[in-house]
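Subject: Structure handover, pockets

Hello,

Here is the structure for you to look through. My notes on its pockets follow below.

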Amino acid sequence: MTSTGEFRNYIDGQFVEAASTFDSIDPSTGTTWAKMPAASAADVDRAVAAAHRALHSGPWAAMTATARGKLLVRLGDLVVANADRLAELETRDTGKIIRETRAQIAYVGDYYRYYGGLADKHEGSFVPIDKADMEVTIRPEPIGVVAAVVPWNSQLFLSAVKLGPALAAGCTVVLKASEDGPAPLLAFAELVHEAGFPAGSVNILTGFGHDCGHRLTSHPLIARVAFTGGPATARQIVRNTAENLASTTLELGGKSPVVVFADADLDSAANAVVAGIFAATGQSCVAGSRLLVERSVKDEFLARLKHKAEAIRIGDPQDPETEMGPLATSRQREWIEKTVAESLTSGGRLVTGGKRPEGKADGFYYAPTIIEASDQNLACVREELFGPVLSALAFDSEAEALSLANDTRFGLASGVFTTNLAKAHRMARGIHAGVVWINTYRAVSPLVPFGGYGQSGLGREGGMDAIRDYTRSKSVWIRTSDDPIPDPFVMR
Ligand code: NAD
């Protein structure tokens with residue numbers, strides 16, 4: 001950050017001004033609090049060129065995997081040491097409550113440590129080749145320059161699952177922060193610098209999707225795109241990568257079902273449903289936004305949820321007592337208001353919320369909302385709202401619960417609440433989603449792969465295999481015979 005309160009992009013080891021800036025809005029007040037650098041196509045070109053240079057020459061290219069791992073561990077330690085400062089910035093710039101940003105960012109350090117530890121454990125192989133005079137080894141090599149593009153929610157976290165494996169594999173990276181709430185990532189660049197990453201190995205910038213994002217993901221020197229964001233943008237990204245044929249992972253939205261059976265511990269399940277839809281003001285890709293509840297306990301369960309929803313402390317996201325802050329942008333609130341209104345005129349029954357909370361005229365606040373639906377066709381059941389809106393639907397049998405859970409174009413996460421072990425296993429097998437949480441919700445770890453089915457995405461992040469996605473193999477053939485090469489006209 002400069003003395004004038006402007007943030008800067010980080011390109012080729014330098015903190016640089018951009019040709020233009022844009023205002024960043026504090027969602028809790030609706031007012032501008034900082035200026036952000038809008039990277040132009042020329043800035044992107046410089047960042048990609050620097051990353052390409054660092055990949056092929058200089059200290060990064062010469063570094064052993066062990067040395068890269070040590071840098072990543074150092075970065076993880078710096079993130080933990082600076083978690084409070086980064087959390088305050090993320091809370092200020094996105095409205096996400098401080099008690100969550102502090103905890104989440106401290107955990108982001110573990111992602112860098114995990115991939116730091118893995119950096120020199122990703123081994124190649126020796127092939128027992130079927131030719132007596134040959135030896136073949138398979139070398140995993142970094143795939144190339146990576147374009148990492150993230151949305152505004154949890155930017156540090158969503159960057160760690162890309163930068164960690166990419167850098168462990170030896171790739172270089174240009175990371176684009178979202179134009180909404182980029183402050184924590186631009187501040188994180190200072191830690192990358194302090195950790196000692198060589199110039200060009202990590203470049204961090206922000207700007208708008210249509211120019212900066214487009215240029216980055218279609219750039220001819222980009223070999224891999226790691227994208228997290230909405231499905232409409234994902235389609236743009238796929239079109240962009242038609243230019244460079246970069247391999248791509250897409251982490252997209254969801255409309256995740258939470259299935260509550262009558263035999264569940266209902267109070268624990270109610271807490272999990274609250275965690276799934278009202279934590280982070282519902283602005284989470286894994287938001288458990290579709291409650292499916294067994295009819296015999298529906299009324300009782302909805303009454304519990306209504307009570308819990310109405311008791312949520314809504315307020316200043318910087319106050320550690322606050323449980324729900326504002327939405328990140330005013331356009332997000334407008335989309336939610338429109339979809340809720342449409343759902344209520346199409347037959348949805350409002351259980352609670354459905355409006356802006358009292359006494360919160362400033363900022364982009366919206367009350368925790370529950371809508372009981374009679375079928376799956378309501379807009380609030382089908383569309384990702386990315387806000388604190390839960391739809392609730394009753395079911396009569398396990399088969400119906402499974403069929404309703406899978407009646408969606410998405411497939412990111414899901415929750416099942418039951419005390420019947422066999423039923424839990426059957427549901428886990430049957431649900432079409434990349435994550436199934438049984439008797440819990442919203443748990444993550446660097447050790448566990450994460451990603452979606454269907455329109456929720458392509459590929460997985462997290463876990464050991466993520467490094468493999470940032471490498472490509474090279475087969476090295478060595479002839480061990482001293483005899484002259486036989487018949488040159490026959491393939492060996
Ligand atoms: P978005 O798709 O609007 O933006 C994401 C990023 O893409 C931003 O950095 C944006 O500038 C960039 N972008 C926009 N247009 C582009 C283009 N043409 N070319 C290249 N880049 C472009 O998403 P958002 O509204 O910021 O975030 C919310 C979405 O992200 C939701 O759908 C949510 O579910 C999803 N999400 C998914 C995960 C996951 O892991 N599956 C995690 C968090 C959020």
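A residue counts as lining a pocket when it has an atom within 4 Å of one of the pocket's grid points. The domain bounds used here come from an automatic or database domain assignment. Please keep in mind that this is a predicted model.

Second largest pocket

Where does the second largest pocket lie? Domain 1 (5-252 + 452-476) and domain 2 (257-438) both contribute residues to its lining, so this pocket lies between them. Its volume is about 570 Å³. The lining has 31 residues, and those nearest the centre are Gln104, Phe157, Val286, Val444 and Phe450. Helices α5 (98-118) and α6 (155-168) each provide at least two lining residues, with α5 giving the largest share, 5 residues. By class, 18 of the lining residues are nonpolar, 8 are polar and 5 are charged.

Largest pocket

The largest pocket holds about 960 Å³ of space. Around it are 41 lining residues, with Pro151, Phe227, Gly229, Gly230 and Thr233 nearest its centre. Two or more lining residues come from each of α8 (209-218), β10 (222-228), α9 (231-240) and α12 (330-345). Which element gives the most to this lining? That is α9, with 7 residues. The lining of the largest pocket is made up of 15 nonpolar, 17 polar and 9 charged residues. Domain 1 (5-252 + 452-476) and domain 2 (257-438) each supply at least three of the residues that line the largest pocket.

Regards

Note on methods. Residues numbered from 1 in each chain as written. Predicted model: local features only at pLDDT ≥ 70, side-chain atom pairs only at ≥ 80, totals over all residues. Heavy atoms only, no water. 1 Å grid on protein atoms, 1.4 Å probe; cavity = no way out; pocket = protein on both sides within 12 Å on 5 of 7 lines; lining within 4 Å. Points joined across faces, edges and corners; volume = space filled by probe spheres on them. Helix = DSSP H or I, 4+ residues; strand = E, 2+ residues; numbered from the N terminus. Nonpolar A, V, L, I, M, F, W, Y, C, P; charged D, E, K, R; others polar.
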